[in-house]
Amino acid sequence: MEIRFYNSLTKQRELFESLRLGVVSMYSCGPTVYDLAHIGNFRTFLFGDLLRRFLELVGYRVDHVMNITDVGHMTDGEEDRMTQAASRMKENKKTGRVAEGAVANPDDPYQIAEYYTQAFLSDARKLGYKIAFEYPQRVPKATDHIDGMQEMIGELIKRGHAYVAEDGVVYYSVESFPEYGRLSGNTLENLQSGAGGRVSDENQSRKRHPADFMLWKPDQHHIMKWASPWGVGYPGWHIECSVMARKLLKRDVIDIHTGGEDLIFPHHECEIAQSCGVTGSRRFANFWLHARFLFVNGEKMSKSKGTFYTARDVFEGRVTGNPVHPAVLRYELTKAHYRTNLDFSEKGLMDSGMAVRRLIEKRQSLEQLTNGQSAEVDLTHPLLAQFAAALADDLNIAEALAIVNQFARTDHRDPHEALGVWKKINSVLAIAPITEGLLDESDSGGGQDDAMRQAEEWCRELDAARRDKNYSRADELRKLIQDTGFEVRTGKEGTTIQRALM
Ligand code: AMP
Ligand code: ZN
């Protein structure tokens, strides 16, 4: 099968071929863990997940790595940064996003980072983001790789790509790397000002070129600091990805690098300069894939307009007034092509809810027909071939979903085969297992189990109330069950429940 992706590096659709037969090495820039991840972040992460799952569907093994940015270099000036993290924490508590006392010492950046890392992983797992289940092996933390960063910085200095400025800061010399600017178009001639990104740039005048970016900053007072050959201090933001990609993927040149569009410059441009600077290769990643931003109701997410949504806001009902099942949010965040600006809306979420329900009901009916026995199918199956071909066309998800919806509406001659097809499609869309148990009355886990037992008790009470013609009590119980997150149906055999999707 011919796979084509739009490569940001060459600005064209290119035939994708992996560097090694049957294996794809892929690096995704991960979350900064000084706040909860928002649905825009998850759009980008789930795009990477879809890409990976598609590659797996067509037979690749995907060696995937994603970093956790837990070094707190987000704004200039240390006080500012920690004050910001603290005030965000306060706000998150006020809005119910973070429980009171969740972080024992909210002045400790390690504790804050650890808290948000776990929160991220929890949300990401609910959304079926595969790599979140591979933590920590494939999800390294920047603070665990400071030695590697220092090693790479040392190597860059040795190779003439980096220098120590007179104030002791180590900079990458962009003039030492002729390819600088190729990804973003910000070539040295085009660049007016510095490329420091999230790192402090107050020392502009000490750099050889205004676009030179920081690799190490000596700073005794920084809240996170490490000893180094260039003094006690902290690393620049870009170096962590170059180091962790090379270390964990064990390659100088990797197949695919992903991230959101805002990372193209300076972050990815700088990653390329560092990685190629140290390996001497012409490319760091063969393919660069970038997801466009998510908007909410046609605009950028905004705190002041109250449209800045975290994943848990959606799950817990703070967006629509009702809890939304993660499978529905996943579907919503992945249903538009990654190179369009996805517009998040309640209406879209409702549509996704219906689409997910249709697919789960499809599985249920196939399982009933087959007793859960599916036949093995592969990509020679015409429907799966079409599904894969759509995704092979630069992840054309809209077309892939149209094929899936058609599948959901078809009556199949061979339900065993159809169930096999369903499972393959699901390996990419990942509706189940995140919805496992959702529509079944049997359930497998913890608190969910208790809620189910309680709701079933109320169902029996409700049936009794109806027999006694105590309709106000029956209504009360129905509301109680719904508020616990179930849909209530009344049938001949009495009241039955299903977990609500939203
Ligand atoms: P951060 O945690 O800020 O480093 O961002 C994590 C990922 O989310 C990066 O790949 C960003 O490019 C991406 N991102 C940030 N905001 C948005 C947005 N509104 N829509 C889509 N992706 C985003
Ligand atoms: Zn990165």
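Mentor: Start with a definition: buried means under 20% relative accessible area, exposed over 50%, and partly exposed in between, with a 1.4 Å probe and protein chains only. C241 is buried, and so is E271. This is a predicted model: local features need pLDDT of at least 70, side-chain atom pairs count only at pLDDT 80 or more, and totals for chains, interfaces and linings use all residues. Residues are numbered from 1 along each chain as written, chains are lettered from A and ligands numbered from 1 in written order, and side-chain values use heavy atoms, without hydrogens and water.

Trainee: Why does T10 count as buried?

Mentor: T10 has 19% relative accessibility. The limit is under 20%. So T10 counts as buried.

Trainee: Where is T10, in a loop or in a strand?

Mentor: T10 sits in the loop between β1 and β2. Strands are DSSP runs of E, at least two residues; helices are runs of H or I, at least four; both are numbered from the N terminus.

Trainee: What makes β1 and β2 a pair?

Mentor: Pairing takes at least two DSSP bridges between the strands. β1 (residues 4–7) and β2 (residues 12–15) have 4 bridges, in the antiparallel sense. They therefore pair. One bridge joins R4 to L15 in β2.

Trainee: What does the side chain of T10 contact?

Mentor: The side chain of E14, in a polar contact at 2.6 Å. The term needs N or O atoms within 3.5 Å; within protein, one must be able to donate a hydrogen and the other to accept it, and residues adjacent in sequence count only if both atoms are side-chain atoms.

Trainee: How do you know which atoms are the protein donors of the zinc ion (ligand 2)?

Mentor: Donors are N, O and S atoms within 2.8 Å of the metal (3.2 Å for Na, K and Ca); water is not among the atoms, so sites may look incomplete. C29 (SG), C241 (SG), H267 (NE2) and E271 (OE) lie 2.0 to 2.4 Å from the zinc ion. C241 lies in helix α5 and E271 in helix α6, so the pair ties together parts 30 residues apart in sequence.
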